[in-house]
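Reader: I am new to this structure and would like to go through it with you. Could we start with the strands and then turn to the aromatic rings?

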Amino acid sequence: MTPELILAHRFANAWREPQASELTELLHPETTLYQPHLPPIRGIAKASREFSLFLEWMPNFHGVVYHTVGQDGRLFIEWQMKFPFHRKTISIDAVDSIFIEDDLIKSRIVYFNTLPLIKEIAKSPREWKAYYKYRFAAR
């Protein structure tokens, strides 16, 4: 198995039942993470803080990987993010573009449509405070 596919397998396992500590084990010490709703996250300490905040807000979040392709230190992962909201789960397709260094994630850009998530939060006033706490926490 190639280093890219080994990392893809580790990624899939980590997001199946995510814990901040397991997610940060995938990261290079000089990692940079990019996602639609936040400024770039640089370094393991900040990434760990972000994962912890996110999982505190959305403790039953998980992901399912559908397809991976990678070579020469580049990896693409197609997966579905599962956001549990009370009695239903919002599923959002995502694609991660990953650059690998030393068998770890040096850079990760995740592409997904945030609109279904924002709509669900907007419909549920009891989610507003929790989302606000996550989104605007000190980072």
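Reader: Which residue stands opposite Val 110 in β6?

Author: That residue is Asp 96. Please keep in mind that the model is predicted.

Reader: In what sense do β5 and β6 pair, parallel or antiparallel?

Author: Strand β5, residues 88-101, pairs with β6 in the antiparallel sense, over 8 bridges. The hairpin of these strands has 2 residues between them, and Asp 102 takes a positive phi near 55° there.

Reader: And in what sense do β1 and β6 pair?

Author: Strand β1 (residues 27-35) and β6 (residues 104-112) are paired in the parallel sense, with 4 bridges. Leu 33 has Arg 108 in β6 as its bridge partner.

Reader: Now the rings: how many aromatic pairs are there in the whole structure?

Author: A search finds 14 aromatic pairs. One of them joins Trp 15 and Phe 51 edge-to-face, at 6.0 Å centre to centre and 80° between the planes. Trp 15 belongs to helix α1 and Phe 51 to helix α3, so the pair ties together parts 36 residues apart in sequence.

Reader: Is Trp 15 buried or exposed?

Author: Trp 15 counts as buried because its relative accessibility is 6%, under the 20% limit. Phe 51 is buried as well, at 9%.

Reader: Why is the pair of Trp 57 and Tyr 134 stacked?

Author: The ring centres of Trp 57 and Tyr 134 are 5.2 Å apart and the planes lie at 5°, so the pair is stacked. Trp 57 is in helix α3 and Tyr 134 in helix α5, 77 residues apart. Both residues are buried.

Conventions
Residues numbered from 1 in each chain as written. Predicted model: local features only at pLDDT ≥ 70, side-chain atom pairs only at ≥ 80, totals over all residues. Heavy atoms only, no water. Pairing = 2+ DSSP bridges. Phe/Tyr/Trp six-rings, centres within 6.5 Å; stacked < 30°, edge-to-face > 60°. Buried < 20%, exposed > 50% of the residue type's maximum accessible area, 1.4 Å probe, protein only.
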